[in-house]
Amino acid sequence: MSPRRFDPNALSISVPRGPTQLGLSAKLLVLTILFVMLAEVLIYLPSVANFRRNWLNDRLAAAQIAVLVLEGAPAEGMPEGSEERLLAGVGASAIAARVGGARRLLSLDSMPHEVAKTVDLRDQSWMQSIVESVATLVSPSHEMPIRVVGQAVGAADFVEMVIDERPLRHAMLKFSINLTLVTLIISILTAGLVYLSLNWLIVQPIRHLAANVMEFEHDPENPRRIIEPTQRADEIGEAQRALARMQATLADDLRAKKHLAELGLAVSKINHDLRNMLAAAQLMSDRLTETRDPKIRRFAPRLIATLGRAIDFCQATLAYGRATEANPALRDVALRQLVAEQAELLGLGENGTIVFANEVPAEVIAPCDPDQMARVLSNLMRNAIQALDGVAEAGERTPALRISAGRRHEEIILRIADNGPGVPARARDNLFQAFRGSVNPGGTGLGLAIAAELVRLHGGMIALEPSETGAVFTVSLPAQRVLA
């Protein structure tokens, strides 16, 4: 059997609830009723067992009183009919007690010789009492009477009696009906209050969350669809606030991605004409190399390289708008030479405005794509130059840019450090996100976003290190080739 594949389109299908399917509120009501009924059963069984025990103990107490009356009778005997009245008052056909080793008996002439069962209340456990109570209720009453033995008070050791079980069963049935009616009323009120409380505290807020999620699904970029969390301090309030944060972040990301899509469409429209104009300018600049003027001949290669870099930048912007960066073609690259080439293209080290130091050792060789790593260095170094322009204008200190590299464990660490104003706190959270991590006023933040993506394609990581002055970016690359 082939494994079941996940279909992402199934998430967008709303499955209606059938007539036999219960909602959360109905399930809560059913569970509340079941639990209340279970509690009623747990209460009923000990209650009916206790009623049976008390009923029998009351009869035993009356039987002991009858025995005491018998002991206090005169020697010539009790008046005629007194014993029958005592037995009738107790509801027994025979009463016996042992006092001081002597057994006293009070019985009718028609007393049966056999009993259906014996109930000894002196050592009966609660579980046995519950079992016998249920048996008394569910089984028909015995035609023969039962014998009941209990603990006596005073000088008597014990007291026993023979009674008919039918009055006991009738009393237990009446008690069960009354108890059931009372507990049923209490259970309905309790279940209703619990249901209404849980429905108000839990079900309704969850319905509100679910409705908001479905509304947000239809128009996630609409800020009016973001849920307004309440001031609740429980888990529901935490869920509302977390959902509001998630929706706000998702809406911002969707708007940013929409801008990226629009950027890709716009750049794709102008890319052809812009490249033609830059190519024409590059062809004209090629002729400058044939001039005899030494100054022009010296600046012509830089002009040609700048125009080529402009063409590459247009292509990079278009590629990022389409989110299609090619996998890097790895080869061993001397980082010092690559840094020197980018510094020359950016005009560092000639005019003296920015002190540039290439501190990358010549023996540091990194497996990387030279073109993509050149774009990473160009973006980071260009951002540093823009930040240092303000330092040069203010005249507070001499602007400086230093690039160093070294090996740490199984990684090669490249550091680009400047002594500029540093990265503002507001830009650090979204530093490597397009349109959200711009450091310079008017910037788009594409440079750092492109650099971060290219470094990730190499299996590395780019980060901003904490520093007291300026900004220090570190690029970590695997020292061994991990990509094909």
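Trainee: Hi! Is glutamine 342 buried or exposed?

Mentor: In this predicted model, glutamine 342 counts as buried, because its relative accessibility is 7% and the cut-off for buried is under 20%.

Trainee: Which helix is glutamine 342 in?

Mentor: Glutamine 342 sits in helix α7.

Trainee: And what does glutamine 342 touch?

Mentor: Leaving aside residues up to four places away in sequence, glutamine 342 touches Ala374, Leu377, Ser378 and Met381.

Trainee: OK, new topic. Which residues touch the most other members of the largest nonpolar core?

Mentor: Those are Val360, Val376, Leu380, Leu414 and Val475, out of 42 residues in that core. The elements giving it two or more residues include α7 (335-345), α8 (370-394) and β10 (411-418).

Trainee: Which element gives the largest share of this core?

Mentor: That's α8, with nine residues. There is also another core apart from this one, made of 23 residues, with Ile95 and Val119 among them.

Trainee: Back to Val360, what are its contacts?

Mentor: Not counting residues up to four places away in sequence, valine 360 touches Leu335, Arg336, Val339, Ile403, Ser404, Ala405 and Leu414.

Trainee: Now the surface. Which residues make the nonpolar patch of about 840 Å²?

Mentor: Leu29, Val30, Leu31, Ile33, Leu34, Phe35, Met37, Leu38 and Leu42 make that patch.

Trainee: Where does leucine 38 lie?

Mentor: Leucine 38 is in helix α1, which covers residues 24-71.

Note on methods:
Residues numbered from 1 in each chain as written. Predicted model: local features only at pLDDT ≥ 70, side-chain atom pairs only at ≥ 80, totals over all residues. Heavy atoms only, no water. Patch = residues over 30% accessible without salt bridge, like charges linked within 9 Å, V, L, I, M, F, W, Y side chains within 5 Å. Areas by Shrake-Rupley, 256 points an atom, 1.4 Å probe, with all protein chains shown as cover. Salt bridge = Lys/Arg side-chain N within 4 Å of Asp/Glu carboxyl O. Helix = DSSP H or I, 4+ residues; strand = E, 2+ residues; numbered from the N terminus. Core = buried A, V, L, I, M, F, W, Y, C linked by side-chain atoms within 4.5 Å. Buried < 20%, exposed > 50% of the residue type's maximum accessible area, 1.4 Å probe, protein only. Contact = heavy atoms within 4.5 Å.
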